[in-house]
Amino acid sequence: MSTIPRKTLANGFSMPVLGLGTFRFGERPEERESDIRATRSAIDAGISHLDTAELYGDGTTESFLREAIAPYDRKQLFIASKASTGHARPEDVIAACHGSLDRMGLDYLDLYMPHNRNLDVPLNETMSAFDQLISEGLIRNLGLSNFGSASLDAARCAAGHPIVVNQVHYNLAVRAPETDGLLANCQTSDVLPNAWRPVMRSYLGGGTIVDDNARSAVVTMADKYKKSPIQISLNWLLSQHNVIALVKTSNDVHFRENLGALGWSLSNEDIELLRISFPSQRVHGDVPLL
């Protein structure tokens, strides 16, 4: 197993810069074996961070992961899951965590997050349950998912333990974390922004989302660095301070291409050039930042 580089916060928390998202894995019986092969291939290639959620397949993906990770040493894996939005009251958070652990056959989660903010439940109540889970040793670290800048501030005030991660939809074409002020807030608050869907292949293939000038900028950069447009797009994220990412693919060729985004960095000038070449093409992600 090779090693994926890590990023470390000032508080000492460390996490691989690239993880595997498991949305839809294990849901289709006819694809279960190929999903297992894809998951194990990723782990064998160096991936240790596996991200899932009780929402995925209504628990099916978590159950699938139990089988997929069976051959591996638990201590070598970093497993994250998320409590559904409807499970925001303390008793529901606790029950959701126990359910996830039972489905995956685990004693603890390395990272646990509310999937989205539930505006109907006071945030201090939700965070108190996550604090309890840490105190009981059922989770190691506290994160958030799809929290906007103001909600991040509120969660940090409400939680008794450090919030170390915020998962958000972020890539060259989806810039909500920038326009919301979230990216800068995370970077100054010792929180890792974790980009889900960090590469949208449609914006490189033509016809959707972005204009030809923006697409051309990526292609030109790919030629300059002798990398693929996918690798340029993913490295653009990972070259930024404290930003990490989740990739999701069951295609081994695509996965190997993603790994080619590691081990090198765009220059600061080229990071900014790409940023201005994609001038807030979409200021809202697929999931709103609350």
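I will take the core, then the rings, then the cysteines. Keep in mind that this is a predicted model.

Start with the core. The largest nonpolar core has 86 residues, and those touching the most other members are L18, L109, Y112, I232, L266 and L274. In general, nonpolar side chains in soluble globular proteins tend to be buried together. Take L266 from that group. Leaving out residues up to four places away in sequence, L266 touches M221, Y225, I232, N235, W236, S239, I271 and L274.

Y225 brings us to the rings. How many aromatic pairs does the structure hold? There are six. Y225 sits in helix α9, and W264 in the loop between α11 and α12, so to speak of the sequence, 39 residues apart. W264 counts as buried, because its relative accessibility is 17% and the limit is under 20%.

The charged end of R74 is over the ring of Y108, 4.1 Å from its centre. R24 lies over the face of F23, at 5.9 Å from the ring centre.

Last, the cysteines. Searching the whole structure gives zero disulfides. For C157, the nearest cysteine sulfur is that of C186, 14 Å away. Is C157 buried or exposed? C157 is exposed, because its relative accessibility is 70%. C186, by contrast, is buried, with a relative accessible area of 1%.

Conventions. Residues numbered from 1 in each chain as written. Predicted model: local features only at pLDDT ≥ 70, side-chain atom pairs only at ≥ 80, totals over all residues. Heavy atoms only, no water. Core = buried A, V, L, I, M, F, W, Y, C linked by side-chain atoms within 4.5 Å. Buried < 20%, exposed > 50% of the residue type's maximum accessible area, 1.4 Å probe, protein only. Contact = heavy atoms within 4.5 Å. Phe/Tyr/Trp six-rings, centres within 6.5 Å; stacked < 30°, edge-to-face > 60°. Helix = DSSP H or I, 4+ residues; strand = E, 2+ residues; numbered from the N terminus. Lys NZ or Arg CZ within 6 Å of the ring centre and 35° of its normal. Disulfide = S-S within 2.5 Å.
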